[in-house]
Amino acid sequence: MTRTPAERVLGVDSGGSGLRVALAPVDDLGRAMTNSSSVPVRTSGSGIDPGHMMEQLLPMVRELLGRAGQVVVSGVALGAAGMATLGDGLRAELPGAFARELGVERLALAADGVTAYAGALGQRRGAVVAAGTGMIALGTDLAGWRRADGWGHLLGDCGGGSWIGQAGLDAAMRAYDGRRGASKALLALAEERFGPAVELPGLIYPRTDRPAALASFAPDVARCADDDPVAADILRRAAAHIAEAAAAVCPADGGEVALTGGLFKMGEPLLEPLREELAEQLPQATVVTATGDPLHGALVLASALATDGLRLPRDHRLLHVP
C-alpha cells in the first residue's frame, strides 16, 4: 500500500543571534523538530541577503525533512528581524526559491515582531513586546497593525538588549575616563567580557554583528543592578521605553499584553521596574504570559496558511503573503 505523505508546516526565525527552523505536523505544533545556526543572516545596504538566507536555511530544512521521513510541506512562515524595512530582497526572491527548492506554494514572510505576536497571543487581539537583541512592539485589533520601534540599534530598539548593552558600556567608558554617570562595576565587567577598555572601539565597531555584541553585555548590566545604582537606572530606563512602546500599540480599549523574547530572561532586575511601568502606562490592559516564542509563532502562521485560517491582518511589510 502506498502511504500518503504526512502534512507538515515549516517555521523559520531569523534574528541577530542566528537562524532557527522548526518542522511540525500541521495539526500538532507541539511535536516540532528543530534545527539552528548561530550565524546571523547577512545584512547590507541593500537589505537582508536572500542568497545567504537560503544558503543557510536549505541544509537545515533538508536535515529536518530527512529525519521526518515521508512528509509534504504544506505551508511555510519565515519571520526575520528587519523584514519590515530591509526585506525587499526576501519578498522578491524567497517565494520563487521556496517553490523551486521545496515545492512550497503557501508562504508568509513576516517581521519578527509578527511571529513574536503569533507565538505569544496566537491570533487574538492585543499587543506584544518582543525584546531580545532589539525591541519591537506590535498591536492589532485584527483589522490592522500598529507598530512601535524595531528601528534597529542606531535609530531605536530602545530598551532592547543592544540598547541596554550600549548604555552599560557607555557607563563603563565614563568610569575609565573619570566622567559623571560612571560605573566602576560595569567597567570591570566590560573588561572581563571584552578586554581592556581602551581597545573596546576596535573590538566593537568593525563587527558585522555589532548589535549582538552590544547585547551580549546586557546580562552583565543585570548582574550588578542590585548593588550598582547606575546599572539599576539603565534597567529602569529600559523598562520605561518598553512600556511606552506597548502603550503606543495596544488597542484603545485594552486587551492582552504579552512579553516575549530572550531579554526578559534577565529576570527581576528588569521585570520589576517593567511591571511598575506597565501598570502606570497601560492600566486598562491585562499582562499575560506568552504562549510560545517567535519560532512557535512562525509555525502558528504556517499552520494558519496551510488550513486557510489566517486571521491576523496581512500587510506588505509586516505580514506579506505572496
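This report walks through the overall build of a predicted model and then some of its residues and charge pairs.

## Overall build

Let's start with the chain as a whole. It is built from 12 helices and 13 strands. Its C-alpha trace spans about 75 × 45 × 35 Å along the principal axes. For 322 residues, a compact globule would have a radius of gyration near 20 Å, and the chain agrees with this, because its own value is 20 Å.

How far apart in sequence are the residues that meet? Of the contacts between residues at least 6 apart in sequence, 66% join residues at least 24 apart.

## Surface and charge

Of the 322 residues, 52% count as buried. The accessible surface comes to about 14,300 Å², and carbon and sulfur atoms account for 50% of that area.

On the charge side, there are 29 positive and 37 negative side chains. The centres of these two sets lie 3 Å apart.

## A buried arginine without a partner

Arg8 is buried yet takes part in no salt bridge. Which side chain of opposite charge is nearest to Arg8? That is Asp27, at 6.5 Å, whereas a salt bridge here requires nitrogen and carboxyl oxygen within 4 Å.

## A buried leucine in a loop

Leu263 belongs to the loop that runs between strand E11 (255-260) and helix H11 (268-281). Is Leu263 buried or exposed? With a relative accessible area of 4%, Leu263 is buried, because the cut-off is under 20%.

Not counting residues up to four places away in sequence, the neighbours that Leu263 touches are Ala131, Gly132, Gly159, Gly160, Gly161, Ile164, Ile242 and Leu270. Leu57, in turn, is 206 residues from Leu263 in sequence, and their C-alpha atoms are 25 Å apart in space.

## Salt bridges

Side chains of opposite charge can pair when their charged atoms come close. A search of the whole structure finds 20 salt bridges. One of the pairs is Arg20 with Asp13, whose closest N and O atoms are 3.0 Å apart. Arg20 counts as partly exposed at 28% relative accessibility, while Asp13 is buried at 13%.

Asp88 and Arg91 form another salt bridge, at 2.8 Å from N to O. The two are three residues apart in helix H3 (residues 88-102), so about one helical turn separates them. Asp88 is partly exposed, with 45% relative accessibility, but Arg91 is buried, with a relative accessible area of 8%.

What does the salt bridge between Arg125 and Asp253 join? Its closest N and O atoms are 3.0 Å apart. Arg125 lies in the loop between helix H4 (112-121) and strand E8 (126-131), and Asp253 in the loop between helix H10 (229-249) and E11, so the pair ties together parts that are 128 residues apart in sequence. At 32% relative accessibility Arg125 counts as partly exposed, and Asp253 is exposed, with a relative accessible area of 55%.

Finally, Glu192, Arg193, Asp220 and Arg223 are linked in a network of salt bridges.

Definitions and conventions:
Residues are numbered from 1 along each chain as its sequence is written. This is a predicted model: local features need pLDDT of at least 70, side-chain atom pairs count only at pLDDT 80 or more; totals for chains, interfaces and linings use all residues. Side-chain values use heavy atoms; hydrogens and water are left out. Helices (H or I, at least four residues) and strands (E, at least two) are DSSP runs, numbered from the N terminus. The radius of gyration is taken over C-alpha atoms; the globule rule is 2.2 Å times the number of residues to the power 0.38. Buried means under 20% relative accessible area, exposed over 50%, partly exposed in between (1.4 Å probe, protein chains only). Contact means heavy atoms within 4.5 Å. Accessible areas come from the Shrake-Rupley method with a 1.4 Å probe; for residues, only the protein chains shown count as cover. Lys and Arg count as positive and Asp and Glu as negative; His and the chain ends are not counted. The place of a charge is taken as NZ of Lys, CZ of Arg, CG of Asp or CD of Glu.
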